[in-house]
Amino acid sequence: MKRFHVHLHVQDLNASIAFYSRLFAAQPARVEGDYAKWMLDDPRINFAISTRGHAPGIDHLGFQADSAEELAELRARAEAADAPLLDEGATTCCYARSDKHWVTDPQGIAWEHYHTLGDIPVFSEARAATAESACCAPKAEAAPVARGKPIGIPVAAAGPKSSCC
């Protein structure tokens, strides 16, 4: 079964870990000096935060496959979406070894589809990690993948004023 993936840029990792741990009623499954990840089962989500990247906000969304077959299904869906697809294949990123590809939606939000093959002790083995992107920007010789832009969602201090949402 696939797992939804969200990766956010944060300014203060410790404050964000405290906030999301309370929000999810769970501690992160992995914490590094610049990164934290929760593997939640209800809802089934891989939620990651890092201090890498530009301004705080959404870096990318995605799906984490549990098998090579699920990843192939996600690739077929991405190809059917008729958007440019960047196949990274076997790569390392976010303290993990994975097989992955990327597709960008019409708004410019990057979607990562990947199958995690194992943990690694560094953010990325293949190249020096940069502050430009939280999750391993595509290789320079490949076509660039547009990254999502941080979005501002106004939140009323006393909660929503309407009955919707």
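These are my notebook entries on one predicted model.

**Entry: overall layout**

I began with the elements of the protein chain. I found two helices and eight strands. From the N terminus on, the elements run β-α-β-β-β-β-α-β-β-β. The chain has 165 residues, and buried residues make up 44% of them. I then looked at contacts between residues at least 6 apart in sequence. Of these, 60% join residues at least 24 apart.

**Entry: strand 4 and its partners**

How many of the seven residues of strand 4 are buried? I count six, so strand 4 (residues 44–50) is largely enclosed by the rest of the structure. I looked up its pairing next. Strand 1 (residues 3–9) runs parallel to strand 4, and six bridges join the two. I picked out V6 in this pair; its bridge partner in strand 4 is F47. Strand 3 (residues 35–41) also pairs with strand 4, here in the antiparallel sense, over seven bridges. K37 has A48 as its bridge partner in strand 4.

Strands 3 and 4 form a hairpin, with two residues between them. I checked that loop for its peptide bonds. P43 sits in the loop between strand 3 and strand 4. The bond joining D42 and P43 is cis, with omega about 0°. I note that most peptide bonds are trans.

**Entry: strand 5 and its partners**

I moved on to strand 5 (residues 57–65). Seven of its nine residues are buried, so the strand is mostly covered. Strand 1 and strand 5 run antiparallel and are joined by seven bridges. F4 has F63 as its bridge partner in strand 5. Strand 1 therefore pairs with both strand 4 and strand 5. On to strand 8: strand 5 runs parallel to it, with five bridges between them. G62 has E112 as its bridge partner in strand 8.

**Entry: nonpolar cores**

Which residues touch the most other members of the largest nonpolar core? I list V6, L8, I17, Y20, W38, F47 and I49, out of 16 residues. Strand 1, helix 1 (13–24), strand 3 and strand 4 each supply at least two residues of this core. Another core, of six residues, lies apart from it; A48, C93, C94 and F123 are among its members.

I took I49 for a contact list. I left aside its neighbours within four places in sequence. I49 is in contact with H7, L8, V10, L13, S16, I17, Y20, D34, Y35, A36 and W38.

I searched for positive phi in residues other than glycine. Most such residues have a negative phi. D82 has a phi near 55°, and C94 also has a phi near 55°. D82 lies in the loop between helix 2 (68–80) and strand 6 (85–93). C94 is in the loop between strand 6 and strand 7 (96–104).

Are D82 and C94 buried or exposed? D82 has 73% relative accessibility, which is over 50%, so D82 counts as exposed. C94 is at 9%, which is under 20%, so C94 counts as buried.

**Entry: Y114**

I looked up Y114 in strand 8 (residues 110–119). Its relative accessible area is 6%, so Y114 is buried. L71 is 43 residues away along the chain, yet the C-alpha atoms of Y114 and L71 are separated by 6.3 Å. I again left out neighbours within four places in sequence. Y114 is in contact with H5, N46, F63, Q64, A65, L71, S98, D99 and K100.

**Entry: cavity**

I found one cavity of 30 Å³ or more. The volume of the largest cavity is about 110 Å³. Which residues lie nearest its centre? They are Y35, C93, C94, A96 and Y114, out of 15 lining residues. C94, noted above for its positive phi, and the buried Y114 thus both belong to this lining.

I sorted the lining by residue type: seven nonpolar, five polar and three charged. Strand 1, strand 3, strand 4, strand 7 and strand 8 each supply at least two residues of the lining.

Notes: Residues are numbered from 1 along each chain as its sequence is written. This is a predicted model: local features need pLDDT of at least 70, side-chain atom pairs count only at pLDDT 80 or more; totals for chains, interfaces and linings use all residues. Side-chain values use heavy atoms; hydrogens and water are left out. Buried means under 20% relative accessible area, exposed over 50%, partly exposed in between (1.4 Å probe, protein chains only). Helices (H or I, at least four residues) and strands (E, at least two) are DSSP runs, numbered from the N terminus. A nonpolar core is a set of buried Ala, Val, Leu, Ile, Met, Phe, Trp, Tyr and Cys residues joined through side-chain atoms within 4.5 Å. Contact means heavy atoms within 4.5 Å. On a 1 Å grid over the protein atoms alone, a cavity is a set of points where a 1.4 Å probe fits but cannot get out, and a pocket is an open set with protein on both sides within 12 Å along at least five of seven lines; lining residues have an atom within 4 Å of a point. Grid points are joined across faces, edges and corners, and a volume is the space filled by probe spheres set on the points. Ala, Val, Leu, Ile, Met, Phe, Trp, Tyr, Cys and Pro count as nonpolar, Asp, Glu, Lys and Arg as charged, and the others, Gly among them, as polar.
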